[in-house]
Amino acid sequence: MRRFRHWGPGLILLGPSLILLAIFVYGLIAWTIKVSVSDEHTALGSKGFVGLDNYTYLFTEDINDRFLHSLKNLLIFTVVFIAGAMLLGLLWAYLLERGVRGEGLFRTVYLFPMAVSFIASGVVWRWLMNPNQGENAGGLNAVFGGLHLDFLQNPWWTDPDWGMAAMAVPAVWQLSGYVMALFLAGFRGISAELREAAAMDGASTYRLYRNVIFPQLTPVALSALIILGHMSMKMFDLIMSVSGPQWLTEVPAVYVWQALLTSDYAKAAAISVVLLLLVAVVIVPYLVWTQRTEKTR
Amino acid sequence: MGVDMRFTRRAALAVVGVATLLATSACGSDDDGGAGSTQVEVFTWWADGGEKAGLDGLVGQFTTACTGQTFVNGAVAGGAGANAKQVLASRLQQGDPPDTFQAHAGAELIDYINAGQVEDLSADYDSWGLKQAFPPGLIDNLTVDGKIYSVPANIHRANVVWTNKKVLADAGITATPADLAGFFADLDKVKAEGIAAPLAIGKDWTQLMLFESVLITDLGPEKFTGLWNGATDWNDPGVTTAINDFKRLLTYTNTDRDALDWTDAEKLVMDGKAAYQLMGDWEAADLDAKGFKDYGWFTFPGNGTTFQWLADSFVLPQGAKNPDGTKCWLKTVGSAEGQKAFNTTKGSIPARTDAVPGDYPEYQQAAMADWKSATQVPSCAHGSACSQGWQGAANSALGAFSTGQDVAGLQKALAAAAKQFAGK
């Protein structure tokens, strides 16, 4: 009884959320996996278990390699998005950390795009990234044309090879400020003594950042990578509002939606599970790492 | 004592927490069933524009013809029913169907028929005299294993080319092209006038519509219909010819096609930046509504008298709460008065052949005359020829072709789609 008094109240308090998690997160993941190994390809329902057929179909037999194409799109998007947001965020944080006038204003300006939903910014960027060039140019291409920088005009997201890089631009614009805020907090968390000690040892500014400050930002950078990484994997709303669902810009999350619209539940579930595994590849090592570092503390 | 006190307070908090959660979850599951209902919930995606006006006309007719029944509007807004279809699918899965819902007539219904979600209406067709009122070609297309499951409210035509008369006059084009060769010659003439992209087009499904029209020209109506029912092989050399013709047509189109919807392409024609656009005949109503008068139209070159149709129809779902009310709604939809009330405002033509042309605008009169005499073929882009899964695969294949231009690849993809979805 005494021991129950020790951990009982906590358990009771956590109970409801644990039960809800068990049902609505883990229970539904299990259900999705069950559907993904069934042959529920129409509204008729499942006739039986087909093992991993749905998965091998996605990777080997999908018409026009549609699934592999969506993975390729996702890869390009993710690389450009993460690299762009990390570099810009770090640059802005560095500039602000060096001390500029009106830091508060710049911080707000850079952070603000994050407050806009992907759907809303997607509608604006759809117009900005109008693929017309020359006489009919609109959006950014028209701006380039007006500035006599015609060589900068490009087809944006309609380019068959690198269109997804353009699709990542709005995402970079939205999330760079957030990354900046993370890094800025990181910079501010480094104690002044360390900087002074480095200065006493005669370290140059380059040495100070290279050997003293940046190493201490690793946990912040890792957190930012994880947050951007899992957002990127699940990207859906931005693409739906910029291009709509179509071959050119299809990523797995959009493909899931398309499969659901045609009542192909097994295929949609299989893609969802692949997506979950992709996110897990990013998240799980991070969780293991944080648990280890917390233990050693 | 102090410890106990804390414990009870914590416990009380937990109990309150659980109770709140349970209460909220219970709230979500109530529902207004009501046996012996006199309400008819009509589920559509006609939420605004000419479509809403057409629905209102139909409702007016329903109120007079079916006394004692109340119309309940179950419309879910969203282009081409993208949102509505999701809502409908989940309601059907949960066994909570609306009293009737909108669906494209033809192959798109097969998903619902196979799932046992809609009821056979053959007996009602006889008692309402619809088998005589609708043309035999339509009846054939509606019939699945000897049974009919839906009542079409209207007919649209898909294989129509819309033109900007002024642009054509500037290019010195006076006659309608009789075949594809003539069409290419005319496209070259417009191009010579400095219009880089004379044929306006939009994203995947509009490209599928154009491609289907080319298929009708190169294969003829019978072999074209065979593509969808299994009688014609997609590896047929005629299909290869059609893909090559389609590829050549794409060279006359705007390069930003994948970024445009059909209304954006329509605007290119209205602005004189393009001369032609292939689109269904809802474009006539839309051009009229936008106040653009200087437009012409012709059947896609080489299609002859083929009428590629699509139709919105209504069904009786399995387990509808008020089947009598639903049947009265369906009877109204199929009746001459109902079809007139609906179609004069929506911009489509009635499925019945006994309608009075004088009641309709100019384009619709021409289409009604064609509907009686023409060879009827279905459309995949609009669900009368193929199931939703097949349509999705075809749209994706056309989207890939728009960027890759791989003729053999498109034929292979379409053949694979047919193999996967035909007969399902």
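Analyst: Apart from its neighbours within four places in sequence, B:Gly238 is in contact with B:Asp218, B:Leu219 and B:Lys223, where contact means that the C-beta atoms, placed from the backbone, lie within 7 Å. The model is a predicted one, in which local features need pLDDT of at least 70 and side-chain atom pairs count only at pLDDT 80 or more, while totals for chains, interfaces and linings use all residues. Residues are numbered from 1 along each chain as its sequence is written, and chains are lettered from A and ligands numbered from 1 in the order in which they are written.

B:Gly238 belongs to helix H11 of chain B, residues 237–250; helices (H or I, at least four residues) and strands (E, at least two) are DSSP runs numbered from the N terminus. B:Gly238 has 16 other C-beta atoms within 10 Å and is therefore partly exposed. On this scale 20 or more such atoms within 10 Å make a residue buried and 12 or fewer make it exposed, with partly exposed in between; C-beta atoms are again placed from the backbone. From the C-alpha atom of B:Gly238 to that of B:Leu215, 23 residues away along the chain, the separation is 8.1 Å.

Around this site, chain B contains 18 helices and 14 strands. Of its 424 residues, 51% count as buried. Among contacts in chain B with a separation of 6 or more, 79% are between residues 24 or more positions apart.

The domain assignment, which is automatic or taken from a database, divides chain B into domain 1 (39–156 + 310–374) and domain 2 (157–309 + 380–421). Contacts between them involve 20 residues of domain 1 and 21 residues of domain 2. On the domain 1 side, H4 and helix H16 (362–373) are the elements that give two or more residues, and H16(B) has the largest share, with five.

The largest nonpolar core has 124 residues, and B:Leu199, B:Ala200, B:Ala274, B:Ala394, B:Ala397 and B:Ala417 have the most contacts inside it. Such a core is a set of buried Ala, Val, Leu, Ile, Met, Phe, Trp, Tyr and Cys residues joined through C-beta atoms within 7 Å. Helix H10 (residues 204–229) of chain B gives the most to this core, 11 residues. Both domains of chain B take part, each with at least three residues.

B:Ala397 leads on to the other chain: beyond four places in sequence, its contacts are A:Ile63, A:Asn64, B:Leu410, B:Ala413, B:Leu414 and B:Ala417. In total, 35 residues of chain B are in contact with 25 residues of chain A. On the chain B side, the elements giving two or more residues are helices H1 (2–27), H3 (82–93), H4 (110–114), H17 (388–404) and H18 (407–421). H17(B) gives the most, 10 residues.

Chain A has 13 helices and zero strands, and 32% of its 297 residues count as buried. Its radius of gyration is 24 Å, whereas a compact globule of 297 residues would have one near 19 Å; the radius is taken over C-alpha atoms, and the globule rule is 2.2 Å times the number of residues to the power 0.38. Along the principal axes, the C-alpha atoms of chain A fill a box of roughly 80 × 75 × 30 Å.

Technical notes: Two residues are in contact if their C-beta atoms, placed from the backbone, lie within 7 Å.
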